[in-house]
Amino acid sequence: MDVGKRSDDAEKQAKVIIEDPIATVGMADKAQQKVRKNQGKLGTVRRDFETLIRMLKAWGGGRYKGIGIANLLVVAGAVFYFLNPFDAVVDFLPVIGFTDDVAVITFALARLRNEVQKF
């Protein structure tokens, strides 16, 4: 499966998840746990990514509605991609396992810089 296919899968899954607030909060909780376990592997994007996860959780919990659907899909897609252990570069590979995750997170953060600051 190529990276474009995986991105499409992540986007489809993100759409399903944002239609179910309970699933959204659950996905955010899982992402928070994975970040805690892999802090050092996320480098400089970790703190801002944690903000994206909190934003997704707040949206799913009904506490934050200040984000448009397109940006919400970017957040949910990046979080889903991060949670998928069998993405473009499998997470359990030493040294390079989180390289693709960091790239996807970096893209999402660049696109959502104003959302992160607003949140």
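**Figure 1. Phe119, a partly exposed ring.** With a relative accessibility of 34%, Phe119 counts as partly exposed, a class lying between buried (under 20% relative accessible area) and exposed (over 50%), computed with a 1.4 Å probe on protein chains only. For reference, rings of Phe, Tyr and Trp (its six-membered ring) pair if their centres lie within 6.5 Å, and their planes count as stacked under 30 degrees apart, edge-to-face over 60 and tilted for the rest. Tyr64 sits in the loop between α3 and α4, while Phe119 belongs to the segment after α6 (113–118), so this pair ties together parts 55 residues apart in sequence.

A word on the model: this is a predicted structure, in which local features need pLDDT of at least 70 and side-chain atom pairs count only at pLDDT 80 or more, while totals for chains, interfaces and linings use all residues. Residues are numbered from 1 along each chain as its sequence is written, and side-chain values use heavy atoms, leaving out hydrogens and water.

**Figure 2. The Phe49 and Phe82 pair.** By the ring rule, the count comes to two aromatic pairs. Phe49 and Phe82 form an edge-to-face pair, with 5.0 Å from centre to centre and 75° between the planes. Phe49 is in helix α3 and Phe82 in helix α4 (residues 69–83), so the pair links distant parts of the chain, 33 residues apart. Phe49 is buried at 0% relative accessibility, and Phe82 is buried at 0% too.

**Figure 3. Where α3 meets α5.** Helix α3 (residues 46–60) packs against helix α5 (residues 99–111) at an angle of about 70°, with the axes 10 Å apart. Axes are lines fitted to C-alpha atoms, for helices over the stretch in contact, and angles run from 0 to 180 degrees between N-to-C directions. That makes α3 roughly perpendicular to α5, the class for 65 to 115 degrees. Asp48, Phe49 and Leu52 of α3 touch Ile105, Ala108 and Leu109 of α5, where contact means heavy atoms within 4.5 Å.

**Figure 4. The helices around these views.** The protein chain has six helices and zero strands, helices being DSSP runs (H or I) of at least four residues and strands (E) of at least two, numbered from the N terminus. Buried residues make up 41% of the 119 residues in the protein chain.

Definitions and conventions:
Parallel < 35°, antiparallel > 145°, perpendicular 65-115°, else oblique.
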